Amino acid sequence: MSQHVYKQLELTGSSSVSIEEAVRVAIAKAHETVRGIQWFSITETRGHVEDGRVAHWQVSLKIGFTLE
């Protein structure tokens, strides 16, 4: 088994649909410029309320990717 070194980035994704969608949005955008994404960890979840309902989710996460 080979050894790996990882780097972490902090991201915040947002969605009017769900927490999961906010995570998917953040990872998909990072994937456009970051190679070797291996994992993620959610660090914070927030929401915006309008008229007594959740209008948007904001999810902060760390992604880890392999250094080449």
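This is a predicted model: local features need pLDDT of at least 70, side-chain atom pairs count only at pLDDT 80 or more; totals for chains, interfaces and linings use all residues.

Colleague: How many helices and strands does the protein have?
Modeller: One helix and three strands. From the N terminus, the order is β-α-β-β.
Colleague: And what does the C-alpha trace span along its principal axes?
Modeller: About 55 × 20 × 15 Å.
Colleague: Which residues make up the largest nonpolar core?
Modeller: There are seven: Ala 22, Val 23, Ala 26, Ala 30, Val 59, Leu 61 and Ile 63. The largest share, four residues, comes from α1.
Colleague: What does Ile 63 touch, leaving out residues up to four places away in sequence?
Modeller: Its contacts include Leu 9, Leu 11, Ile 27, Ala 30, Trp 39 and Phe 40. Lys 7 and Gln 8 are also among them.
Colleague: How much of the protein is buried?
Modeller: Buried residues are 22% of the 68. The accessible surface is about 5200 Å², and carbon and sulfur atoms account for 50% of that.
Colleague: Switching to backbone. What is the phi of Asp 51?
Modeller: Positive, about 50 degrees, although Asp 51 is not a glycine. Asp 51 sits in the loop between β2 (37-50) and β3 (53-66).
Colleague: Is Asp 51 buried or exposed?
Modeller: Exposed, because its relative accessible area is 82% and the cut-off for exposed is over 50%.
Colleague: Last one, charges. How many positive and negative side chains?
Modeller: 7 positive and 8 negative, with the centres of the two sets 5 Å apart.

Definitions and conventions. Residues are numbered from 1 along each chain as its sequence is written. Side-chain values use heavy atoms; hydrogens and water are left out. Helices (H or I, at least four residues) and strands (E, at least two) are DSSP runs, numbered from the N terminus. Buried means under 20% relative accessible area, exposed over 50%, partly exposed in between (1.4 Å probe, protein chains only). A nonpolar core is a set of buried Ala, Val, Leu, Ile, Met, Phe, Trp, Tyr and Cys residues joined through side-chain atoms within 4.5 Å. Contact means heavy atoms within 4.5 Å. Accessible areas come from the Shrake-Rupley method with a 1.4 Å probe; for residues, only the protein chains shown count as cover. Lys and Arg count as positive and Asp and Glu as negative; His and the chain ends are not counted. The place of a charge is taken as NZ of Lys, CZ of Arg, CG of Asp or CD of Glu.
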